[in-house]
Amino acid sequence: MKSIYQILLTVFIFAGIVACENETKVCDQTLRNDFHIHFQRDSAGVIRDTIMPKVTAFALGRDSIYKSQALGDLFFQLSPVADSSLFYLKVDSTLTPDTIKIRYTRQQHFISPGCGFGTYFNIDTVIATMHTIDQVIINNKSVTSSNDTHLTLFFFNQ
Amino acid sequence: MTRILLCFSLISSILLSIAATAQNKPAAVKADTTHKPVKTDTTHKAIIDTAKMKVPVPKKDSSWFIPGGLRIGVDLSRIPSAIYYPYRKEFTVVADARITPNLYVAFEGGYANTPYSDTNYTYKGNGMFATIGVDYNFLKRQYVSEKNIFYGGLRYGFSHFNYAVPTYSIKNSYWGDNLSGSVPKTNVNAHWVELLVGLKVEVLKNLFMGWNIRERILINNVKTDNMTPLVIPGFGNGAKRSVFDVQYTISYVIPFYHIKEHAPDTEVKKKKIPKR
């Protein structure tokens, strides 16, 4: 009988530990919902992923996000206080740079008790200069997570 | 969550198996082998086995009174909970009343206040809650007036509460912009069911201490597109559909009535006479 009470006491203590979970202490979901751009080329009808050798990118009037890096994907933070963001993109040091303007609507929402609030974006239009960019395809208009590819840029074959 | 559910089911099965083994099964009544009727009739008279004749014995009134009453208490686990979770300030009253020897009608009610503030947002919420249901005692009484119980229970819970976010800010390190906003006061109703197992032990005359573990399952949706309540009063985490919780109660029985209990209809064991 004594051992039964010991088991029940252990169960209660264990249950008390399990029940303790302060959800405001940890941000268990990432706040990042960056605009994800993927690079591709169309080589005689065959579409291939591509890595551009020296990518430099920044939002106009802001610091560099990437500086002469070999990249196949870009992640841009969209402005949470404006309805559009304008980015400079140079994919090789010898090539003419392009600009990409992303227009969107914004919605503030509660992410979690630990993370607080964030902004979801819904892409309206993408306007790009076509110096090195051949084609622009919007894959996903809803920017709620950086895991999705939102835009694919096709580059001219050199 | 899966871990909590597995843990809960394991705990429940352990506790129920303990309760089950506590029940004593009555031994099967064996047939009397000593008074067999004579197989062959030589006298052409009706054979009467007098040992098997049922003599009408007037039944005695085999019933007695067991103590009933209203047990009222408070949930002490809300005190450490308020220390560990400063934003969960909750007061819970628990009550139950015996309606049959092993069945209790149970009620809980309370008030919760949810003040929270950090660098990202401030949150204000408060509301009332109530649950009603039954508890069934699995513990076999050692004596007629024993009041200790090991029970399983089922509850329906309801909460009416409101919440608001007076200010929040969204920081962006790259753009250097801080966006601020607010969420207006919103009234919400929540409904849920609870399954629980626990103990209540009489530590002093009519004074009980007990604990129980419980799983709550939310029936309706309380989230909106923009906001999820931090806490649902009486339920717990507003972001989850099911939550696990523990109560530690201290309560007092007001013994103002008794319940009549009848003796179970069991046959009296016949003494086995050894063969010679």
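Tutor: One definition to start: a residue is buried if 20 or more other C-beta atoms lie within 10 Å of its own, exposed if 12 or fewer, and partly exposed in between, with C-beta atoms placed from the backbone. This is a predicted model, where local features need pLDDT of at least 70, side-chain atom pairs count only at pLDDT 80 or more, and totals for chains, interfaces and linings use all residues. Residues are numbered from 1 along each chain as its sequence is written, while chains are lettered from A and ligands numbered from 1 in the order in which they are written.

Student: Is A:Ser68 buried or exposed?
Tutor: A:Ser68 sits in strand β4 (residues 64-71) of chain A, a strand being a DSSP run of E at least two residues long, numbered from the N terminus, while helices are runs of H or I of at least four. Its phi is positive, about 50 degrees, although A:Ser68 is not a glycine. Most residues other than glycine have a negative phi. Because A:Ser68 has 12 C-beta neighbours inside 10 Å, it counts as exposed.

Student: And where does B:Asn206 lie?
Tutor: B:Asn206 is another non-glycine residue with a positive phi, near 70 degrees. It has 15 other C-beta atoms within 10 Å, so it is partly exposed. Its place is the loop between β7 (178-204) and β8 (207-218) of chain B.

Student: Which element of chain A has the lowest mean pLDDT?
Tutor: pLDDT is the predictor's confidence in each residue, from 0 to 100. Chain A averages 85, and 85% of its residues score at least 70. Where pLDDT is low, the predicted coordinates should not be read in detail. Strand β6 (residues 84-90) of chain A has the highest mean, 93, and the lowest, 64, belongs to helix α1 (residues 2-19) of chain A.

Student: How many strands form the closed barrel in chain B?
Tutor: Chain B has 2 helices and 12 strands. Two strands pair if DSSP finds at least two bridges between them, and the barrel's pairing is antiparallel. Neighbouring strands of this sheet are turned by 25 degrees against each other on average, direction ignored, using lines fitted to C-alpha atoms as axes. The order is β2-β3-β4-β5-β6-β7-β8-β11, giving a closed barrel of 8 strands.

Student: What percentage of chain B's contacts with a separation of 6 or more join residues 24 or more positions apart?
Tutor: Two residues are in contact if their C-beta atoms, placed from the backbone, lie within 7 Å. B:Ala190, for instance, touches residues including B:Ser159, B:Ile232 and B:Phe235, not counting those up to four places away in sequence. For chain A, contacts between residues at least 6 apart join residues at least 24 apart in 50% of cases; for chain B, the value is 63%.

Notes
Axes fitted to C-alpha atoms, helices over the stretch in contact; angles between N-to-C directions.
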